[in-house]
Amino acid sequence: MPASERDEAQPRVPAGAAGVPMRDLLAACAAAKAVSTPPCDPVPRAPRTAHEPPEPRRAA
């Protein structure tokens with residue numbers, strides 16, 4: 001009894017992953033996340049109290 005074409009077919013590889021190294025897939029995901037993630041809001045500082053010394057000035 002001859003084998004059908006389906007039985008003789010090679011295992012299929014998903015079209016999206018064919019020929020693309022895992023390193024490139026991970027790099028693409030990291031780049032997409034970096035581009036699509038908005039920057040974080042700055043952390044609000046607590047107001048100074050009268051008992052705290054003023055902050056030193058930074059040299060320019």
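How many Å should the 15 residues of helix H2 span, and how far apart are its end C-alpha atoms? At 1.5 Å a residue, helix H2 (residues 22-36) should span 21 Å, and its end C-alpha atoms are 21 Å apart, so the two values agree. The model is predicted, and the values that follow are computed from it.

**The chain as a whole**

The secondary structure consists of 2 helices and 0 strands. The chain has 60 residues, of which 0% count as buried. Its accessible surface comes to about 6,600 Å². Carbon and sulfur atoms account for 62% of that surface.

The structure contains 1 salt bridge. Its partners are arginine 23 and aspartate 24, with the closest N and O atoms 3.9 Å apart. This separation falls inside the cut-off of 4 Å for a salt bridge. Arginine 23 is exposed at 65% relative accessible area, whereas aspartate 24 is partly exposed at 37%.

Threonine 37 lies in the segment after H2. Which backbone atom does the side chain of threonine 37 reach? The contact is with the backbone oxygen of lysine 33, at 2.6 Å. Threonine 37 itself is partly exposed, with a relative accessibility of 44%.

**Cysteines**

The count of disulfides is 0. A disulfide is a covalent bond between the sulfur atoms of two cysteines. Cysteine 29 counts as exposed at 53% relative accessibility, and cysteine 40 counts as exposed at 74%.

**Accessibility of the residues discussed**

| Residue | Relative accessible area | Class |
|---|---|---|
| Arginine 23 | 65% | exposed |
| Aspartate 24 | 37% | partly exposed |
| Cysteine 29 | 53% | exposed |
| Threonine 37 | 44% | partly exposed |
| Cysteine 40 | 74% | exposed |

Methods:
Residues numbered from 1 in each chain as written. Predicted model: local features only at pLDDT ≥ 70, side-chain atom pairs only at ≥ 80, totals over all residues. Heavy atoms only, no water. Helix = DSSP H or I, 4+ residues; strand = E, 2+ residues; numbered from the N terminus. Expected span 1.5 Å × (residues − 1). Buried < 20%, exposed > 50% of the residue type's maximum accessible area, 1.4 Å probe, protein only. Areas by Shrake-Rupley, 256 points an atom, 1.4 Å probe, with all protein chains shown as cover. Disulfide = S-S within 2.5 Å. Salt bridge = Lys/Arg side-chain N within 4 Å of Asp/Glu carboxyl O. Polar contact = N/O pair within 3.5 Å; in protein donor to acceptor, adjacent residues only side chain to side chain.
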